[in-house]
Amino acid sequence: MGREYKIGVIKGDGIGPEIVEEAIRVLDAVSVRCGFNLKYEEFLLGGAAIDETGVPLPDKTLKGVAKCDAVLFGAIGGPKWDNLERHLRPETGLLGLRKAMGTFANLRPAMVYKELVNASTLKPSVVEGVDLMVVRELIGGIYFGEPRALLEDRAYNTMVYTKDEVRRIAKVAFEIAMKRNKRVCSVDKANVLEVSQLWRETVEEVAKDYPKVELSHMYVDNAAMQLIRAPKQFDVILTGNIFGDILSDAASMLSGSIGLLPSASIGSGVGLFEPIHGSAPDIAGQGIANPIATIASASMMLRYALNEIEAAKKIDSAIAKVLSEGYRTGDLSSFDAKEICATSDMGALIADYASR
Ligand code: NAD
(Lines give C-alpha, C1' and ligand atoms only; values in the text may rest on other atoms or scores of the structure.)
Protein backbone atom coordinates (compact mmCIF):
# COMPACT_ATOMS: atom_id res chain seq x y z
CA MET A 1 0.00 0.00 0.00
CA GLY A 2 1.15 3.53 -0.75
CA ARG A 3 1.69 6.24 1.81
CA GLU A 4 -1.56 7.37 3.37
CA TYR A 5 -2.19 10.04 5.99
CA LYS A 6 -5.21 11.14 7.97
CA ILE A 7 -5.62 14.91 8.15
CA GLY A 8 -7.90 16.57 10.69
CA VAL A 9 -9.51 19.62 9.12
CA ILE A 10 -10.85 22.51 11.18
CA LYS A 11 -12.30 25.15 8.89
CA GLY A 12 -13.50 27.45 11.69
CA ASP A 13 -15.28 30.77 11.20
CA GLY A 14 -15.26 33.82 8.93
CA ILE A 15 -12.95 33.24 5.97
CA GLY A 16 -11.79 29.93 7.53
CA PRO A 17 -13.89 27.63 5.30
CA GLU A 18 -12.99 29.54 2.10
CA ILE A 19 -9.23 29.43 2.64
CA VAL A 20 -9.07 25.87 3.98
CA GLU A 21 -10.95 24.60 0.91
CA GLU A 22 -8.25 26.08 -1.31
CA ALA A 23 -5.49 24.50 0.77
CA ILE A 24 -7.22 21.13 0.37
CA ARG A 25 -7.47 21.65 -3.37
CA VAL A 26 -3.69 22.21 -3.47
CA LEU A 27 -2.98 19.26 -1.18
CA ASP A 28 -5.08 16.99 -3.38
CA ALA A 29 -3.20 18.11 -6.49
CA VAL A 30 0.25 17.66 -4.99
CA SER A 31 -0.50 14.34 -3.31
CA VAL A 32 -1.59 12.81 -6.60
CA ARG A 33 1.57 14.16 -8.23
CA CYS A 34 3.85 12.85 -5.48
CA GLY A 35 2.17 9.47 -5.01
CA PHE A 36 0.58 9.59 -1.57
CA ASN A 37 -2.97 9.64 -0.33
CA LEU A 38 -4.65 12.09 2.08
CA LYS A 39 -7.85 11.30 3.94
CA TYR A 40 -9.64 14.20 5.61
CA GLU A 41 -11.90 14.33 8.62
CA GLU A 42 -13.60 17.57 9.62
CA PHE A 43 -13.89 18.80 13.21
CA LEU A 44 -15.66 21.75 14.81
CA LEU A 45 -13.94 24.50 16.80
CA GLY A 46 -14.72 28.07 17.82
CA GLY A 47 -17.90 29.84 16.72
CA ALA A 48 -19.02 27.04 14.42
CA ALA A 49 -18.72 24.61 17.35
CA ILE A 50 -20.62 26.96 19.68
CA ASP A 51 -23.49 27.22 17.19
CA GLU A 52 -23.69 23.48 16.72
CA THR A 53 -22.85 22.09 20.17
CA GLY A 54 -22.92 24.98 22.67
CA VAL A 55 -19.19 24.78 23.48
CA PRO A 56 -16.13 26.09 21.59
CA LEU A 57 -14.10 22.87 21.91
CA PRO A 58 -16.32 19.78 21.70
CA ASP A 59 -15.04 16.48 23.09
CA LYS A 60 -15.43 14.93 19.66
CA THR A 61 -12.85 17.39 18.29
CA LEU A 62 -10.39 16.75 21.12
CA LYS A 63 -10.60 12.98 20.75
CA GLY A 64 -10.72 13.03 16.97
CA VAL A 65 -7.65 15.16 16.32
CA ALA A 66 -5.57 12.91 18.57
CA LYS A 67 -6.07 10.13 16.03
CA CYS A 68 -4.87 12.19 13.05
CA ASP A 69 -1.40 12.51 11.57
CA ALA A 70 -1.74 16.31 11.47
CA VAL A 71 -4.36 19.04 11.73
CA LEU A 72 -4.96 21.80 9.20
CA PHE A 73 -6.78 24.78 10.67
CA GLY A 74 -8.26 28.00 9.20
CA ALA A 75 -9.24 30.57 11.83
CA ILE A 76 -11.91 31.12 14.46
CA GLY A 77 -13.87 33.96 16.02
CA GLY A 78 -16.04 36.87 14.99
CA PRO A 79 -18.41 39.52 16.34
CA LYS A 80 -21.28 37.04 16.66
CA TRP A 81 -19.52 35.35 19.60
CA ASP A 82 -17.71 38.37 21.11
CA ASN A 83 -20.11 38.91 24.00
CA LEU A 84 -20.11 35.39 25.39
CA GLU A 85 -18.50 34.64 28.75
CA ARG A 86 -14.78 33.98 28.49
CA HIS A 87 -14.96 30.20 28.97
CA LEU A 88 -17.47 29.95 26.12
CA ARG A 89 -15.64 32.14 23.61
CA PRO A 90 -14.08 30.80 20.40
CA GLU A 91 -10.51 31.78 21.47
CA THR A 92 -10.88 29.67 24.63
CA GLY A 93 -11.55 26.69 22.38
CA LEU A 94 -8.37 27.28 20.38
CA LEU A 95 -6.18 27.75 23.47
CA GLY A 96 -7.66 24.56 24.94
CA LEU A 97 -6.96 22.64 21.75
CA ARG A 98 -3.33 23.83 21.57
CA LYS A 99 -2.81 22.90 25.22
CA ALA A 100 -4.39 19.46 24.81
CA MET A 101 -2.24 18.75 21.76
CA GLY A 102 0.92 19.54 23.76
CA THR A 103 2.44 21.55 20.95
CA PHE A 104 5.49 23.05 22.63
CA ALA A 105 7.16 24.50 19.54
CA ASN A 106 5.72 27.28 17.43
CA LEU A 107 7.37 27.78 14.05
CA ARG A 108 6.77 31.08 12.32
CA PRO A 109 8.63 31.62 9.06
CA ALA A 110 8.94 35.13 7.67
CA MET A 111 9.88 35.40 4.05
CA VAL A 112 9.64 38.17 1.54
CA TYR A 113 8.64 37.29 -2.00
CA LYS A 114 10.69 39.28 -4.49
CA GLU A 115 7.62 40.65 -6.24
CA LEU A 116 6.14 41.91 -2.98
CA VAL A 117 9.09 43.82 -1.52
CA ASN A 118 7.06 46.99 -1.77
CA ALA A 119 4.37 45.57 0.52
CA SER A 120 6.71 45.97 3.49
CA THR A 121 6.91 49.23 5.40
CA LEU A 122 10.71 48.82 5.39
CA LYS A 123 12.99 49.69 2.46
CA PRO A 124 13.14 47.03 -0.30
CA SER A 125 16.93 46.83 0.11
CA VAL A 126 16.44 45.81 3.76
CA VAL A 127 13.77 43.17 3.23
CA GLU A 128 14.47 41.68 -0.19
CA GLY A 129 15.66 38.09 0.29
CA VAL A 130 14.56 37.79 3.94
CA ASP A 131 13.89 34.14 4.76
CA LEU A 132 13.95 33.38 8.46
CA MET A 133 12.21 31.10 10.92
CA VAL A 134 11.28 31.97 14.49
CA VAL A 135 11.17 28.88 16.72
CA ARG A 136 9.29 29.90 19.87
CA GLU A 137 8.77 27.80 22.99
CA LEU A 138 5.00 27.77 23.41
CA ILE A 139 3.85 26.12 26.63
CA GLY A 140 6.38 27.22 29.26
CA GLY A 141 8.07 30.39 30.50
CA ILE A 142 6.41 33.37 32.15
CA TYR A 143 2.96 32.79 30.61
CA PHE A 144 2.61 29.55 32.54
CA GLY A 145 5.06 29.92 35.48
CA GLU A 146 3.94 29.55 39.10
CA PRO A 147 3.57 31.29 41.46
CA ARG A 148 1.51 34.05 39.91
CA ALA A 149 -0.88 36.48 41.59
CA LEU A 150 -2.74 39.73 41.24
CA LEU A 151 -2.92 41.28 44.71
CA GLU A 152 -4.26 44.60 45.81
CA ASP A 153 -1.10 46.65 45.54
CA ARG A 154 1.23 44.33 43.64
CA ALA A 155 1.18 41.52 41.13
CA TYR A 156 3.72 39.00 39.96
CA ASN A 157 4.46 36.29 37.43
CA THR A 158 7.30 33.83 37.40
CA MET A 159 9.55 32.99 34.50
CA VAL A 160 10.54 29.35 34.81
CA TYR A 161 12.27 26.99 32.40
CA THR A 162 13.58 23.54 33.16
CA LYS A 163 16.58 22.13 31.33
CA ASP A 164 14.33 19.54 29.71
CA GLU A 165 12.01 22.21 28.34
CA VAL A 166 14.92 24.15 26.87
CA ARG A 167 16.54 21.03 25.47
CA ARG A 168 13.48 19.90 23.54
CA ILE A 169 12.79 23.28 21.94
CA ALA A 170 16.51 23.75 21.15
CA LYS A 171 16.54 20.37 19.39
CA VAL A 172 13.63 21.46 17.21
CA ALA A 173 15.51 24.63 16.24
CA PHE A 174 18.74 22.78 15.41
CA GLU A 175 16.91 20.11 13.39
CA ILE A 176 15.21 22.85 11.36
CA ALA A 177 18.48 24.71 10.90
CA MET A 178 20.03 21.51 9.51
CA LYS A 179 17.40 21.60 6.74
CA ARG A 180 17.94 25.33 6.12
CA ASN A 181 21.09 27.46 6.23
CA LYS A 182 22.56 25.86 9.36
CA ARG A 183 22.55 28.92 11.60
CA VAL A 184 20.76 29.28 14.94
CA CYS A 185 20.58 32.55 16.84
CA SER A 186 19.35 31.92 20.38
CA VAL A 187 17.67 34.98 21.89
CA ASP A 188 17.56 35.54 25.66
CA LYS A 189 18.26 38.10 28.37
CA ALA A 190 21.14 36.30 30.03
CA ASN A 191 22.74 39.55 31.22
CA VAL A 192 19.81 40.06 33.61
CA LEU A 193 17.85 36.83 34.10
CA GLU A 194 19.00 33.59 35.74
CA VAL A 195 16.43 31.70 33.70
CA SER A 196 18.16 32.98 30.57
CA GLN A 197 21.55 31.82 31.88
CA LEU A 198 20.16 28.30 32.17
CA TRP A 199 18.60 28.69 28.71
CA ARG A 200 21.96 29.71 27.21
CA GLU A 201 23.97 26.94 28.89
CA THR A 202 21.43 24.32 27.82
CA VAL A 203 21.32 25.53 24.22
CA GLU A 204 25.12 25.29 24.14
CA GLU A 205 24.96 21.71 25.37
CA VAL A 206 22.42 20.77 22.67
CA ALA A 207 24.56 22.52 20.04
CA LYS A 208 27.33 19.96 20.63
CA ASP A 209 25.12 17.37 18.88
CA TYR A 210 24.91 19.62 15.82
CA PRO A 211 28.51 20.52 14.93
CA LYS A 212 27.48 21.65 11.45
CA VAL A 213 25.16 24.33 12.81
CA GLU A 214 26.64 27.72 13.72
CA LEU A 215 25.21 28.95 17.04
CA SER A 216 25.13 32.57 18.14
CA HIS A 217 23.44 34.28 21.09
CA MET A 218 21.72 37.66 21.16
CA TYR A 219 19.97 39.64 23.89
CA VAL A 220 16.32 40.15 23.13
CA ASP A 221 16.49 43.96 23.05
CA ASN A 222 19.26 43.80 20.45
CA ALA A 223 17.38 41.09 18.51
CA ALA A 224 14.32 43.34 18.22
CA MET A 225 16.54 46.08 16.82
CA GLN A 226 18.45 43.76 14.47
CA LEU A 227 15.21 42.31 13.05
CA ILE A 228 14.27 45.75 11.80
CA ARG A 229 17.81 46.95 10.97
CA ALA A 230 19.21 43.94 9.12
CA PRO A 231 16.78 40.99 9.07
CA LYS A 232 18.73 39.08 6.42
CA GLN A 233 21.38 38.15 9.00
CA PHE A 234 18.97 35.59 10.55
CA ASP A 235 18.29 31.99 9.57
CA VAL A 236 16.67 30.31 12.63
CA ILE A 237 15.82 32.38 15.72
CA LEU A 238 15.38 30.22 18.81
CA THR A 239 13.65 31.80 21.76
CA GLY A 240 11.33 31.42 24.75
CA ASN A 241 7.62 32.07 25.00
CA ILE A 242 7.32 35.79 25.79
CA PHE A 243 10.31 36.91 23.70
CA GLY A 244 9.10 34.75 20.81
CA ASP A 245 5.59 36.15 21.04
CA ILE A 246 6.91 39.65 20.46
CA LEU A 247 9.70 38.84 17.99
CA SER A 248 7.53 36.63 15.76
CA ASP A 249 4.95 39.38 15.34
CA ALA A 250 7.68 41.90 14.53
CA ALA A 251 9.22 39.43 12.04
CA SER A 252 5.87 38.79 10.36
CA MET A 253 5.60 42.44 9.47
CA LEU A 254 8.82 42.30 7.42
CA SER A 255 6.73 40.80 4.63
CA GLY A 256 4.05 43.44 5.02
CA SER A 257 1.14 41.15 4.36
CA ILE A 258 -0.80 39.13 6.88
CA GLY A 259 -2.43 37.02 4.16
CA LEU A 260 0.83 35.30 3.23
CA LEU A 261 2.30 33.92 6.41
CA PRO A 262 1.86 30.37 7.73
CA SER A 263 2.67 28.80 11.08
CA ALA A 264 3.10 25.40 12.65
CA SER A 265 2.75 24.29 16.24
CA ILE A 266 4.44 20.97 16.85
CA GLY A 267 5.33 18.79 19.80
CA SER A 268 5.74 15.13 20.50
CA GLY A 269 2.27 14.28 19.14
CA VAL A 270 -0.02 15.68 16.44
CA GLY A 271 0.90 19.08 14.99
CA LEU A 272 -1.39 22.02 14.21
CA PHE A 273 -0.86 24.03 11.01
CA GLU A 274 -2.57 27.39 10.54
CA PRO A 275 -2.21 30.85 8.97
CA ILE A 276 -1.10 33.59 11.37
CA HIS A 277 -4.10 35.78 10.56
CA GLY A 278 -7.58 35.62 12.10
CA SER A 279 -11.01 34.94 10.64
CA ALA A 280 -11.29 38.34 8.89
CA PRO A 281 -15.05 38.75 9.43
CA ASP A 282 -14.95 42.01 7.43
CA ILE A 283 -14.37 40.10 4.18
CA ALA A 284 -15.89 36.69 5.00
CA GLY A 285 -18.19 35.11 2.43
CA GLN A 286 -17.09 37.42 -0.38
CA GLY A 287 -14.61 35.04 -2.00
CA ILE A 288 -11.81 37.62 -1.88
CA ALA A 289 -9.63 36.35 1.01
CA ASN A 290 -6.02 35.49 0.29
CA PRO A 291 -5.61 31.71 0.71
CA ILE A 292 -1.79 31.74 0.45
CA ALA A 293 -1.06 31.73 4.21
CA THR A 294 -3.22 28.63 4.61
CA ILE A 295 -1.77 26.94 1.53
CA ALA A 296 1.73 27.65 2.89
CA SER A 297 0.60 26.18 6.24
CA ALA A 298 -0.41 23.02 4.36
CA SER A 299 3.10 22.97 2.90
CA MET A 300 4.56 23.19 6.43
CA MET A 301 2.31 20.28 7.40
CA LEU A 302 3.75 18.15 4.61
CA ARG A 303 7.29 19.13 5.58
CA TYR A 304 7.19 18.93 9.37
CA ALA A 305 4.42 16.40 10.15
CA LEU A 306 4.43 14.01 7.18
CA ASN A 307 8.01 14.39 5.95
CA GLU A 308 6.71 14.76 2.36
CA ILE A 309 9.45 17.22 1.48
CA GLU A 310 9.15 17.05 -2.30
CA ALA A 311 5.44 17.87 -2.14
CA ALA A 312 6.10 20.76 0.27
CA LYS A 313 8.71 22.17 -2.11
CA LYS A 314 6.27 21.92 -5.00
CA ILE A 315 3.72 24.00 -3.11
CA ASP A 316 6.30 26.60 -2.09
CA SER A 317 7.52 27.01 -5.66
CA ALA A 318 3.96 27.12 -6.99
CA ILE A 319 3.16 30.02 -4.62
CA ALA A 320 6.32 31.87 -5.70
CA LYS A 321 5.56 31.26 -9.38
CA VAL A 322 1.97 32.48 -9.20
CA LEU A 323 3.11 35.65 -7.42
CA SER A 324 5.95 36.17 -9.90
CA GLU A 325 3.41 36.05 -12.73
CA GLY A 326 1.51 38.93 -11.19
CA TYR A 327 -1.57 37.14 -9.83
CA ARG A 328 -2.79 38.80 -6.64
CA THR A 329 -5.79 38.62 -4.34
CA GLY A 330 -7.37 41.97 -3.45
CA ASP A 331 -5.26 42.53 -0.31
CA LEU A 332 -2.14 42.69 -2.52
CA SER A 333 -3.71 44.53 -5.44
CA SER A 334 -1.47 47.57 -5.13
CA PHE A 335 1.77 45.59 -5.48
CA ASP A 336 2.63 45.00 -9.15
CA ALA A 337 -0.61 43.15 -9.83
CA LYS A 338 -1.24 42.00 -13.38
CA GLU A 339 -4.47 40.25 -12.50
CA ILE A 340 -6.71 40.35 -9.42
CA CYS A 341 -8.00 36.90 -8.47
CA ALA A 342 -10.77 35.56 -6.30
CA THR A 343 -9.84 33.16 -3.47
CA SER A 344 -10.79 30.12 -5.55
CA ASP A 345 -8.88 31.32 -8.64
CA MET A 346 -5.74 31.75 -6.55
CA GLY A 347 -6.19 28.24 -5.10
CA ALA A 348 -6.74 26.74 -8.55
CA LEU A 349 -3.64 28.45 -9.99
CA ILE A 350 -1.39 27.24 -7.17
CA ALA A 351 -2.88 23.72 -7.39
CA ASP A 352 -2.19 23.69 -11.11
CA TYR A 353 1.49 24.68 -10.75
CA ALA A 354 2.00 22.39 -7.76
CA SER A 355 0.79 19.39 -9.75
CA ARG A 356 3.35 19.86 -12.54
P1 NAD B 1 -7.67 39.33 11.28
O2 NAD B 1 -6.33 38.75 11.07
O3 NAD B 1 -8.82 38.42 11.15
O4 NAD B 1 -7.89 40.55 10.27
C5 NAD B 1 -7.08 41.73 10.27
C6 NAD B 1 -7.21 42.42 8.89
O7 NAD B 1 -6.48 41.64 7.92
C8 NAD B 1 -8.65 42.50 8.37
O9 NAD B 1 -8.81 43.70 7.67
C10 NAD B 1 -8.76 41.33 7.42
O11 NAD B 1 -9.69 41.53 6.37
C12 NAD B 1 -7.33 41.22 6.88
N13 NAD B 1 -7.00 39.82 6.55
C14 NAD B 1 -6.72 38.81 7.42
N15 NAD B 1 -6.49 37.67 6.77
C16 NAD B 1 -6.64 37.94 5.46
C17 NAD B 1 -6.54 37.17 4.28
N18 NAD B 1 -6.25 35.86 4.31
N19 NAD B 1 -6.76 37.76 3.08
C20 NAD B 1 -7.04 39.07 3.03
N21 NAD B 1 -7.14 39.86 4.10
C22 NAD B 1 -6.95 39.31 5.31
O23 NAD B 1 -7.64 40.01 12.75
P24 NAD B 1 -8.83 40.68 13.57
O25 NAD B 1 -9.70 41.50 12.66
O26 NAD B 1 -8.16 41.34 14.71
O27 NAD B 1 -9.68 39.49 14.16
C28 NAD B 1 -10.86 38.97 13.57
C29 NAD B 1 -11.32 37.75 14.36
O30 NAD B 1 -10.34 36.71 14.23
C31 NAD B 1 -11.47 37.99 15.86
O32 NAD B 1 -12.63 37.31 16.31
C33 NAD B 1 -10.22 37.40 16.46
O34 NAD B 1 -10.42 36.96 17.79
C35 NAD B 1 -9.98 36.24 15.54
N36 NAD B 1 -8.59 35.76 15.47
C37 NAD B 1 -8.44 34.42 15.34
C38 NAD B 1 -7.16 33.91 15.22
C39 NAD B 1 -7.02 32.42 15.02
O40 NAD B 1 -8.00 31.75 14.75
N41 NAD B 1 -5.82 31.87 15.13
C42 NAD B 1 -6.05 34.76 15.21
C43 NAD B 1 -6.25 36.13 15.33
C44 NAD B 1 -7.54 36.63 15.45
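Helix α1 (residues 16–34) packs against helix α11 (residues 309–324) at an angle of about 130°, and their axes lie 10 Å apart. Axes are lines fitted to C-alpha atoms, for helices over the stretch in contact, with angles running from 0 to 180 degrees between N-to-C directions. Helices (H or I, at least four residues) and strands (E, at least two) are DSSP runs, numbered from the N terminus. The model is predicted: local features need pLDDT of at least 70, side-chain atom pairs count only at pLDDT 80 or more, and totals for chains, interfaces and linings use all residues. Residues are numbered from 1 along each chain as its sequence is written, and side-chain values use heavy atoms, with hydrogens and water left out.

On the α1 side of the contact (heavy atoms within 4.5 Å) are Val26, Leu27, Val30, Arg33 and Cys34, which meet Glu310, Ala311, Lys314 and Ile315 of α11. By class, the residues of this contact are six nonpolar, no polar and three charged. Here Ala, Val, Leu, Ile, Met, Phe, Trp, Tyr, Cys and Pro count as nonpolar, Asp, Glu, Lys and Arg as charged, and the others, Gly among them, as polar.

On a 1 Å grid over the protein atoms alone, a cavity is a set of points where a 1.4 Å probe fits but cannot get out, whereas a pocket is an open set with protein on both sides within 12 Å along at least five of seven lines; lining residues have an atom within 4 Å of a point. One cavity of 30 Å³ or more is present. The largest cavity holds about 50 Å³ of space, and its lining includes Met159, Tyr161, Asp188 and Trp199. Helix α7 (194–207) and strand β8 (183–188) each supply at least two lining residues, and the largest share, three residues, comes from α7. The lining of this cavity divides into six nonpolar, three polar and one charged residue.

The largest pocket contains about 690 Å³ of space. Its lining comprises 28 residues, with Leu94, Leu95, Arg98, Arg136 and Glu274 nearest the centre. Elements giving two or more residues to this lining include β3 (70–75), α4 (90–101) and β12 (271–275). The most, five residues, come from α4. The pocket lining has eleven nonpolar, nine polar and eight charged residues.

Definitions and conventions: Grid points are joined across faces, edges and corners, and a volume is the space filled by probe spheres set on the points.
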